[in-house]
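Have the structure open as you read.

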Amino acid sequence: LKVRIGNEIKEYTSIWWNENNELQMIDQRQLPFSFEVYTAKTIDDVCYAIKEMVVRGAPLIGITGAYGLVLHASNFSRDDRGAFDREMQQGFQKLIQTRPTAVDLFNIQARMIKLLNSDQSVKDLQNQFFNYANQIKDEIVAECRKIGEIGNELITKDHTKIMTICNAGALATVDIGTALAPIRKAHQENKKLVVYVPETRPRIQGGRLTAWELENEGIDHLIIADSAMGYCIKEGLIDLVITGADRIGFNGDTANKIGTYSLSLLCKENNIPFYVAAPASTFDLVSSGESFVIEFRNEIEIKTALSIIDSNDKKPVRRIIHNINSKSYNPAFDITPHKNISGFITPKGLITPPFEKKIKEFFGK
Ligand code: MRU
């Protein structure tokens, strides 16, 4: 992930463990207006970071949660295995209550907490938690690279016009992203492309985060109003849509950022390929769309927007943009039925319909 600070470009990952045994992450709340780093020293700092969306994006929420357990384990200072297990179970419960939709959090927490099944000492387990979180993080990095390679094969034309939604880039994973991985790869191979970026109200992950990532990579892009998606697709301005996912059921039903369902309908109506890119941690092998839990967020997110006055202004302020006394309604995700999806770009390969058998075969363990 390239970050431009002044005239300098530095390489970052979205999250890292520092030499003082603290968890650090890029604070995504103020981007792209100001670049700040958030430091978590306790599991409560981590829960806050996930709930308040210091970090967001399904795989990154999962990885952050894993390090939440690492911090919780390393802050335990007694040699009492029973008490350690009770503390860790409480930590696990706190973490899985932070955000409900992205299944990566639950899948990764379930893997991490299984470490308690061994009869090792507290000290050994503290190391195990750390090593396992690092391993899971590295897995996701490798899977995103694979998604990049596989998705790049869909970008065949010259001057491909690709639409995405929300941010499924480095800021939603660790470095290159899911939906943005094929785009990065195609750009590295000098394929000509332009990315249409719906702003993604209300939190503007498209206009703030995806646009910032693409600018830093030197990839051509255009921010559009969410309400312009239909116009762009109907007018033939888009060749291909690639989105990320927060939860993919066993039959391919997919929860993703609010607006994704509308986008899938537009693609279906106009015969535009609609692909979903995701790592193994985003698959939920026991549910389909009807039982996904959709997060509702505070209505203030609808009625306000973060802004600066001009490019010299380094202090973004949240301002009211609607009739303040009106109530609002703020579902953060929607569900795209599997029948609207052309395929899944996964680290194990492209999955095309019918999905169920292949999803089980690839991710069934
Ligand atoms: O509310 P957010 O910003 O966490 O929602 C993120 C999305 O919907 C992404 O598209 C999804 O998590 C995939 S990220 C690789």
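The report starts with the ligand site and then turns to some backbone features.

This is a predicted model, in which local features need pLDDT of at least 70 and side-chain atom pairs count only at pLDDT 80 or more, while totals for chains, interfaces and linings use all residues. Residues are numbered from 1 along each chain as its sequence is written, and side-chain values use heavy atoms, with hydrogens and water left out.

**The ligand site**

Let's begin with the shell. The ligand is surrounded by 18 residues, and the closest are R56, A58, D246, N256 and K257; a residue belongs here if one of its heavy atoms lies within 4 Å of the ligand. By type, the shell has eight nonpolar, six polar and four charged residues. In this count, Ala, Val, Leu, Ile, Met, Phe, Trp, Tyr, Cys and Pro are nonpolar, Asp, Glu, Lys and Arg are charged, and the others, Gly among them, are polar. Helix α2 (58–74) and strand β11 (254–257) each supply at least two shell residues; helices (H or I, at least four residues) and strands (E, at least two) are DSSP runs, numbered from the N terminus.

The table lists polar contacts, meaning pairs of N or O atoms within 3.5 Å.

| Residue (side-chain atom) | Ligand atom | Distance |
|---|---|---|
| N256 | oxygen | 2.7 Å |
| R99 | oxygen | 2.8 Å |
| Q205 | oxygen | 2.9 Å |

Taken alone, the ligand exposes 420 Å², and the protein buries 100% of that (Shrake-Rupley method, 1.4 Å probe).

**Backbone features**

As background, most residues other than glycine have a negative phi, and most peptide bonds are trans. The bond from R201 to P202 is cis, with omega near 5°, and P202 is in the loop between β7 (193–198) and α7 (205–217). P353 and P354 are also joined by a cis peptide bond, with omega about -5°; P354 lies in the loop between β18 (349–351) and α11 (355–363).

Next come two positive phi values. C166 has a phi near 60° and is found in the loop between β6 (160–163) and α6 (180–188). Is C166 buried or exposed? C166 counts as buried because its relative accessibility is 7%, where buried means under 20% and exposed over 50% (1.4 Å probe, protein chains only). N190, not a glycine either, has a positive phi of about 65° and sits in the loop between α6 and β7. N190 counts as exposed because its relative accessibility is 65%.

Note on methods:
A polar contact is a pair of N or O atoms within 3.5 Å; within protein, one must be able to donate a hydrogen and the other to accept it, and residues adjacent in sequence count only if both atoms are side-chain atoms.
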